Amino acid sequence: MKLSEELQWRGFVAEHTLDQISDLDKGSRNFYWGTDPSADSLHIGHLAALMMCACFVRHGYTPYYLVGGATGQIGDPKDTVERDLKGLDEIAANKAALAKQIVRVTHSPADTKILDNLDWFGEVKFLPFLREIGKAFSMTQLLDRQFVQARIGEGGSGISYAEFSYTLIQGYDFLHLFREHNVDLQLCGADQYGNCTSGIHLIKRLEGAKADAYSCPLIIDKVTGRKFGKSEGNAVWLDSTKTSIFDFYQFWLNQADETLEEFFKYYTFVTPEELDQILTKHNENPGARYGQRQLAAMVTEVVHGAEAAKSAEKITAILFGDGKLSDLTAEELDLLAESFPTANKGAQLLDILVETGLASSKGEGRKLLAGNAISINGEKVADDQAVSETALIKRGKNKFALVR
RNA sequence: GCUGGGAUAGCGAAGUGGUCAAACGCAUCAGACUGUAAAUCUGCCGGCUUCGGCCUUCGUAGGUUCGACUCCUACUCCCAGCACCA
């Protein structure tokens with residue numbers, strides 16, 4: 001498949017500035033994709049964009065990944081409210097964490113360029129910036145942008161000059177990368193497309209050259225209608241200390257049938273033929289959740305590696321299979337202990353729930369007990385009690401802790 | 001700058017001196033049912049708790065009052081209209 005064909009097949013097409021998508025097949029280019037260090041981990045919203053980047057890389061494009069140490073100090077305006085400024089220390093820590101994840105998830109060679117716009121923006125002086133960059137933008141254009149309208153319109157929450165100016169900084173990044181690294185294509189999620197066009201505008205205005213932007217759609221959960229992203233409060237993180245590998249695997253395993261095809265295309269490297277086979281097999285008996293199992297295994301492998309994916313699979317088999325905890329080998333117990341918080345036996349159940357994070361307080365633990373949500377080794381329990389045996393504590397459907 | 005309206009829990013939105021940790025809807029969480037799905041129904045839904053209570057919240061800071069989400073003052077921010085600018 002050509003790049004343009006693959007992008008269309010996978011659904012990585014939203015808006016772009018190309019005359020036609022097939023222009024992408026003409027030859028390799030240098031592109032960049034950037035994100036701000038507004039959290040200490042990427043989430044699966046970013047992952048889709050990175051999978052799109054990987055697509056370009058497979059077809060010979062050269063990636064430049066940018067973690068925005070400068071843009072992160074301002075914050076990309078949301079269409080609802082002004083962001084709180086992050087501390088500089090926090091930004092620096094987040095930056096380091098994200099850079100590592102990008103290299104790992106995209107399976108990039110060690111020499112892949114991870115750039116930080118603070119490296120060039122830190123030196124930029126205000127007046128020269130206004131004279132060169134500020135002059136290139138018309139106020140009408142800036143005010144026309146959708147989120148600006150949302151923020152300053154009726155019912156809006158207002159917007160500060162700092163956030164309002166964000167797009168100029170990001171536009172400057174593109175210009176800088178164009179000048180220094182011959183980058184003439186920016187990839188982004190659909191929500192960033194407006195910021196990309198600022199860069200294109202600058203490059204045209206100041207360099208007289210044509211650069212392009214290419215965006216992929218925001219990933220929407222078809223069933224709930226909500227987007228995958230940390231702002232939505234339903235983030236699935238790529239950092240295993242924030243979303244454990246088991247939880248990550250479970251997230252994909254729990255997907256609805258209707259979303260399978262879409263997620264295979266976005267989040268795995270399957271070919272059309274392979275996907276066809278998987279879906280055929282899945283549809284023979286949807287209840288067996290074959291498709292979900294494949295999806296979970298593949299995506300977990302992309303993000304956390306083959307070994308981690310195998311462990312998650314194995315744990316799932318243990319927990320949701322017929323096996324009893326008493327039948328588990330020492331080795332399997334060790335595997336569980338690696339994946340779940342553990343507590344020492346002999347303690348009271350309520351304390352264990354709090355210690356392992358299954359409940360945030362004893363009060364919540366009591367409510368869960370009263371609500372029939374807690375089980376020990378598969379037996380529902382309604383009262384606090386001492387747990388003296390090796391046991392698997394379960395809260396709800398798939399939150400676990402081990403007592404040993 | 002002037003005048004008027006507004007700011008309530010994750011979101012939306014009631015509440016105009018005590019019965020307010022705050023109606024209702026959505027979301028989250030949990031239960032039943034299921035395919036670890038969806039839909040539906042049910043419960044919970046500020047924090048902690050030895051379940052007796054305790055603590056913190058209705059933009060921010062003060063004040064009046066036995067008592068304030070409710071009244072007063074100042075401030076911050078938002079919206080609308082007018083004025084200014086053009």
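Two strands are taken to pair if DSSP finds at least two bridges between them, and strands (E, at least two residues) and helices (H or I, at least four) are DSSP runs numbered from the N terminus.

View 1. Strand E7 (residues 374-376) and E8 pair in the antiparallel sense over two bridges, and Ile 376 stands opposite Glu 379 in E8.

**View 2. The surface near RNA strand B.** Here 33 residues surround RNA strand B, the closest being Gly 158, Ser 361, Gly 363, Ala 373 and Gly 396, where a residue is near a strand if its C-beta atom, placed from the backbone, lies within 6 Å of it. Helix H12 (245-253), helix H16 (306-320) and helix H19 (362-370) are the elements that each give two or more residues to this surface, and H19 gives the most, with five residues.

**View 3. Surroundings of Ala 49.** Leaving aside neighbours within four places in sequence, Ala 49 is in contact with Trp 33, Leu 187, Cys 188, Gly 189 and Cys 216, contact meaning that two C-beta atoms, placed from the backbone, lie within 7 Å.

**Notes on the model.** Residues are numbered from 1 along each chain as its sequence is written, while chains are lettered from A and ligands numbered from 1 in the order in which they are written. Because the model is predicted, local features need pLDDT of at least 70 and side-chain atom pairs count only at pLDDT 80 or more, whereas totals for chains, interfaces and linings use all residues.
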